[in-house]
Amino acid sequence: MARGGQALARVAVAVRAGAAPLWWSGILGAGVGALVPGLTGRRIGLLAGAALFLVAAAVAALARRGRYAALADGAERAARADVLQDRAVTVRVWRRARRWWLLLAFAVAVGSSFVLPGTVGLLLAGLGVGLWLKASWLGRRESAADRLLWVPVDLLGGRGPAGPRVTAYRTTGIAAGDAAPGGARRR
């Protein structure tokens with residue numbers, strides 16, 4: 001274990017942080033697409049969007065599961081000096097760092113509705129659902145192992161909690177922090 005304290009963020013919270021903004025921007029973009037006939041017509045655009053929704057949800061939910069599992073299996077206990085970051089802070093930092101990408105994605109979803117109505121919006125919504133499913137999977141792993149997974153905050157940038165800079169997770173007991181297993185608010 002490292003000497004000195006490190007700020008730690010919950011892995012499931014960092015994964016789940018993108019689910020809601022992608023879902024809502026996708027649904028709003030698809031809603032605009034449902035109102036605009038587009039070049040291909042609403043039916044073709046929305047059917048293509050439904051197919052992309054399912055593919056995107058599956059890809060986002062299953063991507064890099066092996067890496068998450070390997071990091072979780074090799075996790076070591078957090079030090080006493082480590083500081084656990086609140087759920088709200090992790091979500092706010094993740095969304096603030098990616099706000100321009102989220103706005104650009106929404107703009108592309110609305111703009112593409114004039115060609116393929118609702119397609120890109122449903123793709124974004126599928127990515128949001130996939131991230132939520134991945135966070136739920138992590139929550140089930142945490143509950144089964146009776147330990148929460150944490151990642152050092154300074155390693156979260158770039159490719160997220162399973163990026164190449166992340167070499168190991170830290171663990172705490174199931175009651176630590178203010179988020180339930182899976183990253184949801186603790187009741």
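**Figure 1. Axes of helix 2 and helix 7 in the predicted model.** The axes of helix 2 (residues 19–35) and helix 7 (residues 119–145) come within 7 Å and cross at roughly 155 degrees. Axes are lines fitted to C-alpha atoms, for helices over the stretch in contact, with angles from 0 to 180 degrees between N-to-C directions. Helix 2 and helix 7 are therefore roughly antiparallel to each other (angles over 145 degrees). Their crossing is left-handed, the near helix being turned anticlockwise from the far one by less than a right angle. The model is predicted: local features need pLDDT of at least 70 and side-chain atom pairs count only at pLDDT 80 or more, whereas totals for chains, interfaces and linings use all residues. Residues are numbered from 1 along each chain as its sequence is written, and side-chain values use heavy atoms, without hydrogens and water.

**Figure 2. Residues in the contact of helix 2 with helix 7.** From helix 2, A19, L22, W23, S25, G26, I27, G29 and A30 meet G121, L122, L124, A125, L127, G128, V129, L131 and W132 of helix 7 (contact: heavy atoms within 4.5 Å). By class, this contact has 12 nonpolar, 5 polar and no charged residues; Ala, Val, Leu, Ile, Met, Phe, Trp, Tyr, Cys and Pro count as nonpolar, Asp, Glu, Lys and Arg as charged, and the others, Gly among them, as polar.

**Figure 3. Setting of the helix pair in the protein chain.** The chain has 7 helices and 5 strands, taken as DSSP runs (H or I, at least four residues; E, at least two) numbered from the N terminus. Along the sequence the pattern is β-α-α-α-α-β-β-α-α-α-β-β. The C-alpha atoms fill a box of roughly 60 × 35 × 30 Å along the principal axes.

Note on methods
Angles under 35 degrees count as roughly parallel, over 145 as roughly antiparallel, 65 to 115 as roughly perpendicular and the rest as oblique.
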